[in-house]
Amino acid sequence: MEDEYNDLTKEEYDKLYTKCKTVFTNVKIYQKFTCSHCKTRLTVDTPDVWFESAFCEVCGGLTVIEKAGMFTVISPPVEN
């Protein structure tokens, strides 16, 4: 089965992160990845932090995100 997602390498992610933070200064960026065990798509709940690995909320498996690939979720700023 081919990868359904267009996940990025860490280098590609870093470039996209930097570009997004430069263009959209007030956004929050979250890491998104696929569990290497059960293939559930997950988003890390802490913005603007690089995580090397994370546990799956569904199966509990540990995924090394850098090896599995990742993408971003961009959250627009909240206006008061």
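This report describes salt bridges in a predicted model.

## Overview

A search over the whole structure returns four salt bridges.

## Asp 7 and Arg 41

Asp 7 is paired with Arg 41 in a salt bridge, with 2.7 Å between the closest N and O atoms.

Asp 7 has a relative accessibility of 18%. The limit for a buried residue is under 20%, so Asp 7 counts as buried. Arg 41 has a relative accessible area of 22% and is therefore partly exposed.

## Lys 10 and Asp 14

Within helix α1, Lys 10 and Asp 14 are four residues apart, which is about one turn of the helix. Their side chains form a salt bridge with an N to O distance of 2.9 Å.

Both partners are partly exposed, because the relative accessible area is 31% for Asp 14 and the relative accessibility is 23% for Lys 10.

## Glu 11 and Lys 15

Helix α1 also holds Glu 11 and Lys 15, again four residues apart, or about one turn of the helix. These two residues form a salt bridge in which the closest N and O atoms are 3.6 Å apart. The cut-off for a salt bridge is within 4 Å, so the pair of Glu 11 and Lys 15 qualifies at 3.6 Å.

Glu 11 and Lys 15 are both exposed.

How values were computed:
Residues numbered from 1 in each chain as written. Predicted model: local features only at pLDDT ≥ 70, side-chain atom pairs only at ≥ 80, totals over all residues. Heavy atoms only, no water. Buried < 20%, exposed > 50% of the residue type's maximum accessible area, 1.4 Å probe, protein only. Helix = DSSP H or I, 4+ residues; strand = E, 2+ residues; numbered from the N terminus.
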